[in-house]
Amino acid sequence: MADKMTPEIATYRMFDMGFDCAQTVLAHFADDLDLDEDTARMISSAFGGGIAGTGSVCGCVTGALMALGMKYGFTEPDAIGKNIMNSKSSEFIAKFKERCGAVNCRELLGLDVSIPEQAAQVAETGVIQARCPGFVTAACDILEEMLED
């Protein structure tokens, strides 16, 4: 299993290396999922800022759901596979929401990055640097438990 994600590691990957939360979460588990990190980052590159900067579902959540799909997903139409995937996804979402309070980026940040004036506030206040590493860490903690099942 990947080394424990910490807020410090998340901060380094997100801000010093320039990746977003979805990329950080999925790439963190890439080796465990037989996926190279570059591919993981490319797959998840449109999901930061709440899916392409829309303030919708947090990239930590979408990155984690991609990881769950790599482990529990299905490739043939199969009700059993679909039920397993839906169950795992719902479990992750419930745990993330319980731990972080919400699953949408705009709710987690308290500002909507899709609105220019609020996006400017996000940049001015440093809310992303203050909050997002904790959300990445929470997602990775939850995902680590779930991938061990």
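This is a predicted model: local features need pLDDT of at least 70, side-chain atom pairs count only at pLDDT 80 or more; totals for chains, interfaces and linings use all residues.

Trainee: What does the protein chain average in pLDDT?

Mentor: pLDDT is the predictor's confidence in each residue, from 0 to 100. The protein chain averages 93, and 99% of the residues score at least 70. Among its elements, helix 4 has the highest mean pLDDT (97) and helix 1 the lowest (85). Helices here are DSSP runs (H or I, at least four residues), numbered from the N terminus.

Trainee: How is the packing of two helices described?

Mentor: Two packed helices are described by the angle between their axes and by the distance between the axes. Axes are lines fitted to C-alpha atoms over the stretch in contact, and angles run from 0 to 180 degrees between N-to-C directions. Helix 4 (residues 59-72) and helix 8 (residues 127-148) pack at about 15 degrees, with their axes 10 Å apart. That makes helix 4 roughly parallel to helix 8, a term for angles under 35 degrees.

Trainee: Which residues of helix 4 and helix 8 make the contact?

Mentor: Contact means heavy atoms within 4.5 Å. Helix 4 contributes Cys60, Ala64, Ala67, Leu68, Lys71 and Tyr72, while helix 8 contributes Phe135, Val136, Ala139, Leu143, Met146, Leu147 and Glu148. By class, this contact of helix 4 with helix 8 has eleven nonpolar, no polar and two charged residues.

Trainee: At what angle do helix 1 and helix 2 pack?

Mentor: Helix 1 (residues 7-16) and helix 2 (residues 21-28) pack at about 125 degrees, with their axes 9 Å apart. Ala10, Arg13 and Met14 in helix 1 meet Cys21, Thr24 and His28 in helix 2.

Trainee: Is Asp141 buried or exposed?

Mentor: Buried means under 20% relative accessible area, exposed over 50%, and partly exposed in between (1.4 Å probe, protein chains only). Asp141 lies in helix 8 and is buried, with a relative accessible area of 12%. Not counting residues up to four places away in sequence, Asp141 touches Lys4, Met5 and Arg99.

How values were computed
Residues are numbered from 1 along each chain as its sequence is written. Side-chain values use heavy atoms; hydrogens and water are left out. Helices (H or I, at least four residues) and strands (E, at least two) are DSSP runs, numbered from the N terminus. Angles under 35 degrees count as roughly parallel, over 145 as roughly antiparallel, 65 to 115 as roughly perpendicular and the rest as oblique. Ala, Val, Leu, Ile, Met, Phe, Trp, Tyr, Cys and Pro count as nonpolar, Asp, Glu, Lys and Arg as charged, and the others, Gly among them, as polar.
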